[in-house]
Every structure is written in structure tokens, then in C-alpha cells.
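Work through the exercises below with the model open. Each task is followed by a solution in steps.

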Amino acid sequence: MYEDFIKAATIEINEEIAGIQSLLNCCKNNLDLYANAEKIQKHTHKIKGLAPMVKKDDLGLLSSLLDSILKKIMKNKKSTDLLEIFSISIDEMKKSMIFNNYDLDKINKRVLQISSNVYL
Amino acid sequence: MFIYEYFYYDIFVTIRMANILIGDDSSAIRIILKEILMMDGHNVVGEGKDGDETIVLYCELRPDLLLLDLTMPKKDGLAVIREIISKHPEAKIILITASDDQEYIQHCLDSGALSSISKPFSFKNVLKVVSKILAK
């Protein structure tokens, strides 16, 4: 049964990542990202809860940091270069689902730094 | 709820085997919750994949307990709690959520949910909270 859980969770996480990618594909700039923040946040929220349960703690952390940025955006807070960091993050998320023990430490530190610079 | 009592090495044991409904849009979460609950002898009577379905199943099945995700399609957890509690004020509902929005969680508790479990959750914590709420 635990294997069934891992299988289902892996499929769901990949679907959520694909969902974010699809939304980001429609974004040409930060304003587009702001407009899609609520939709993207639904996906980061799901990954945040599920990833640590399949031993992808770093992916859970990255989702949690992005989730936090998106919630700030939804409260009309802004920052520069957010679309770029989201695009990089989604690529890193995909790699972490393909390669075991893929190191997300660098991107997590970068996103954490950006998160603290999101301002009103 | 079926209460089963027996002696085990001179210890009097009471097992409350409850009928439990799960409301979560994640099939993975439903699979693992079902496994955890069944391990403890409970009976999972239904699985709602969104807010509307969870309300319909609750009214049909009248379970002893509802484990409810906060963020679901069609109706979110808070709306589900309000609707179920308005129809069945005695309902026992435990929230399962990845949200860190304490204000929102408190709204849900004020609306009738009895406890909350954070995602990611451990088997031990789920069983501890379920057992505590069933004993109320």
C-alpha cells in the first residue's frame, strides 16, 4: 500500500509541476505572473504538503518558499525578476523529480533571499 | 461506532472502531490516510474528491468522523465545515492541511472543526488526533 502511495504521490507532484509550467508558459513578464499568482499558488500548496511525505524534503521547502512569495504577491506585494526565479525554480523542481538526491540547496537559498525582498 | 473491548495480558483494552470519511482531492493522501486508519482498525466508509462530493457523502453515510482537507476544488474546507455543521451539529471533523494560515485554520475551528493536522503528517500523529477526537 505504501508503494501505491509513493506511486500516486509522484504522479500528483509531477502533475502539479506541469500545472505550474503551463501557467508560466503564458507569462511574459512579472505582471503576467502577478495575474496568475493565485492559480500557481494552488499548485505550490499541493507540492508543499506532499513532497516531504515522499522524502523530497528539499522540494517541499522550495515549494513552501515559492508559496510564500505567491501569497505576498496576492497581497499586492511586488519584487523584480520574479518570473525569472520562478522559471528557474520549476526547472529545478523537474530535475529533483528525475534525479534522486538532486541538490536544491542553491536554489532554495536564492529563493529565500528573494522572498525576503518582496516588498509593498 | 463499534466499541470492542478485551483483555490482553491482564490489560483491559478498548478499541473504538469508527466509520470514517476522507475528503481530500489528492488520491495519494486518500491512499495513505486509508492505510493508516485501517491499520488502527477503523473502517473508511467513503472518499470525497472535492468539497461538494464530501458533503453529499457525509449526509449519505453519516460517518463517526470526517478527515477533511482544507484546500479542495468546488468547495473549500471552510465551506464544507459550515454546511455539514449546519445540517449535523454533532459532526466530528478533523482538518488536514498544508496551510500555514493560522487565521484561516482558526476560522475552521470556530466553525465546528474539532482539531487540525498539518501536512506533512506522521502516522503516529494522525492516529493520536483521531483517537482523541473519537473519545470526545
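**Exercise 1.** What is the strand order of the open sheet in chain B?

Solution. This is a predicted model, where local features need pLDDT of at least 70, side-chain atom pairs count only at pLDDT 80 or more, and totals for chains, interfaces and linings use all residues. Residues are numbered from 1 along each chain as its sequence is written, while chains are lettered from A and ligands numbered from 1 in the order in which they are written.

Step 1: the order is β4-β3-β5-β6-β7 (chain B), 5 strands with parallel pairing. Strands are DSSP E runs of at least two residues, helices H or I runs of at least four, numbered from the N terminus. Pairing takes at least two DSSP bridges.

Step 2: β4 and β7 (115-118) of chain B each have a single partner strand, so one side of each lacks a neighbour in the sheet.

Step 3: the twist averages 20 degrees from one strand to the next (axes are lines fitted to C-alpha atoms, for helices over the stretch in contact; angles run from 0 to 180 degrees between N-to-C directions).

**Exercise 2.** Find the partners of β3(B) (residues 19-23).

Solution. Step 1: β3(B) pairs with β4(B) (residues 43-48) over 5 parallel bridges. Ile20(B) has Val44(B) as its bridge partner.

Step 2: 4 bridges join β3(B) to β5(B) (residues 65-69), also parallel. Here Ile22(B) is bridged to Leu67(B).

Step 3: check burial. In β3(B), 4 of 5 residues are buried (20 or more other C-beta atoms within 10 Å of the residue's own, C-beta atoms being placed from the backbone; exposed means 12 or fewer, partly exposed in between).
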